[in-house]
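Biologist: I would like to learn how to read a protein structure feature by feature. Could you take me through one slowly, giving the general idea before each case?

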Amino acid sequence: MKRRQLISAVTAGMALAGMHTWGWAQGSYPAKGRNIRLIVPFAAGGTTDIVARVVSDPMSRELGSTIVVENKGGGGGVIGALDLMRARPDGYTLGVATVSTTATNPAINPKVGYDPVKNFTPIVNLAATPNVIAVNPSFPAKNHEEFVAEIKKNPEKYSYASTGQGSITHMLMELYKSLTGLNVKHIPYRGAGPALNDVVAGHVPMLFDNLPSSLQFIQAGRLVPIAVAAPQRLAILPDVPTFKELGLEPVNRMAYYGLVGPEKLPQEVVQVINAAALVALKEPEVIKRIEDTGSMVIGNTPAEFAKQIQDEYQVYREVVEKQGLQIS
């Protein structure tokens, strides 16, 4: 669908639905020749960055305006999120939202400076990534039953690595601990790379991680997967159960990568961007490149993504309260 057809269809659909188009001039967004800034709140090269760059080119073609990706990392995604929050709600500054920026970090740190539910306008969830508990091969357990038994037998012995305080990998393990009653000490790292290095080297026995970063080590036999957070068993790890299978469905949560705008972004603009994203996510090359990262293409409505954000934020607020977690 061409840009003119896309905008016409969206505008017509809103009229049929009784939505206000107050002064909305067909084709006024995006303005010809004006770029759209897309803030990625993490460094280049990670899954968040890859997903953003994969969709930016086809979305640019669909919208008729260039989407310029800008990496603005720091604070576990907080710096980039704050930059987006302060932007004008005109559709020319967008951001990539992750579980870290919209749920776990705000849940554990009330001083982040923004409300993840009120201060952003959800547009679309682009993709989601499974998560995995994995252990060093020297760990005396090779499946979940043995894993639980070993930790219960030695409740003060083991620790786990995460990608940082307030990260999804930290909070998922705390959620897991809250449901199982297991006692493992948290060792935060500055990102997946350092955490993986120490677990693979045997300095720390285990970690909860996004699957894409751990997969190469699992396939090489340098990490042993215990359980995955995914809708169903993964073709690449057919013998590894999901948390749902293990009776731990609340832990069966994936990491998401979605588009959001600042608070009060007009719904007319939201619908145009959402439609362009859905077209981009149907392109075979886009699907392949996202799936090559170990992620899954999603593509949903603004309302559906808004509910995801609200649900994730509430889950992790409860984890913080139950586990007594604080930023140190």
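Modeller: Let us begin with the polar contact, which is a pair of N or O atoms within 3.5 Å, where, within protein, one atom must be able to donate a hydrogen and the other to accept it. Please keep in mind throughout that this is a predicted model. In this structure, the side chain of S100 reaches the backbone nitrogen of I168 at 3.5 Å.

Biologist: Where is S100 found, and which residues does S100 touch beyond those up to four places away in sequence?

Modeller: S100 is found in helix α4, which covers residues 99–108. Leaving aside residues up to four places away in sequence, S100 touches F42, G76, N105, P106, S167 and I168.

Biologist: Does one call S100 buried or exposed?

Modeller: The word buried is used for a residue under 20% relative accessible area. S100 has a relative accessibility of 11%, and therefore counts as buried.

Biologist: How should I read a sheet, and what is the strand order in the sheet that contains β1?

Modeller: Strands of a sheet pair through backbone hydrogen bonds, either parallel or antiparallel. Here an open sheet of six strands has the order β2-β1-β3-β10-β4-β11, and its pairing is mixed. At the edges stand β2 (67–71) and β11 (296–297), each with a single partner strand, so one side of each is left without a neighbour in the sheet.

Biologist: Which strands of this sheet pair in the parallel sense, and which in the antiparallel sense?

Modeller: Strand β1 (residues 36–40) and strand β3 (residues 93–98) pair in the parallel sense over three bridges, and T93 in β3 is the bridge partner of R37. In the antiparallel sense, β3 and β10 pair over four bridges, with G95 standing opposite V260 in β10. Strands β4 and β10 also run antiparallel, joined by eight bridges, and there T129 stands opposite A255 in β10.

Biologist: How much of β10 is buried, and which helix lies across β10?

Modeller: Strand β10 is mostly covered, since eight of its eight residues are buried. Helix α11 (residues 302–323) lies across β3, β4 (120–129) and β10 (255–262), and this helix runs at about 80° to β4. One of the residues in helix α11 is Q314, which is partly exposed, with a relative accessible area of 39%. Q314 and A255 are 59 residues apart along the chain, and their C-alpha atoms are separated by 15 Å.

Biologist: What is the strand order in the sheet of five strands?

Modeller: This second open sheet has the order β7-β6-β8-β5-β9, again with mixed pairing. Its edge strands are β7 (185–188) and β9 (224–229), each of which pairs on one side only. With direction ignored, neighbouring strands of this sheet are turned by 25° against each other on average. Strand β5 (residues 131–135) runs antiparallel to β9, with five bridges joining them, and V135 has V224 as its bridge partner in β9. Helix α6 (residues 168–180) packs on this sheet, where it touches β5, β6 (159–162), β7 and β8 (206–210), and its direction makes about 120° with that of β8.

Biologist: What should I look for in the aromatic rings, and how many aromatic pairs are there?

Modeller: Two such rings pair if their centres lie within 6.5 Å, and by this rule the count comes to eight aromatic pairs. Among them is the pair of Y114 and F120, which is edge-to-face, with 5.3 Å centre to centre and 75° between the planes; both Y114 and F120 are buried. Ring pairs also link F139, F147, Y158, Y176, F208 and F243 into a cluster. A charge may also sit over a ring, as the charged end of R34 does over the ring of Y92, 3.7 Å from its centre.

Biologist: Finally, which residues does a cis peptide bond join, and what is phi of K264?

Modeller: The cis peptide bond joins Y29 and P30, with omega at about -10°. P30 lies in the loop between α1 (3–16) and β1, and is buried, with a relative accessible area of 1%. Phi of K264 is near 70°, a positive value in a residue other than glycine. K264 has its place in the loop between β10 and α9 (267–280), and at 69% relative accessibility K264 counts as exposed.

Key
Residues numbered from 1 in each chain as written. Heavy atoms only, no water. Helix = DSSP H or I, 4+ residues; strand = E, 2+ residues; numbered from the N terminus. Buried < 20%, exposed > 50% of the residue type's maximum accessible area, 1.4 Å probe, protein only. Contact = heavy atoms within 4.5 Å. Phe/Tyr/Trp six-rings, centres within 6.5 Å; stacked < 30°, edge-to-face > 60°. Lys NZ or Arg CZ within 6 Å of the ring centre and 35° of its normal. Pairing = 2+ DSSP bridges. Axes fitted to C-alpha atoms, helices over the stretch in contact; angles between N-to-C directions.
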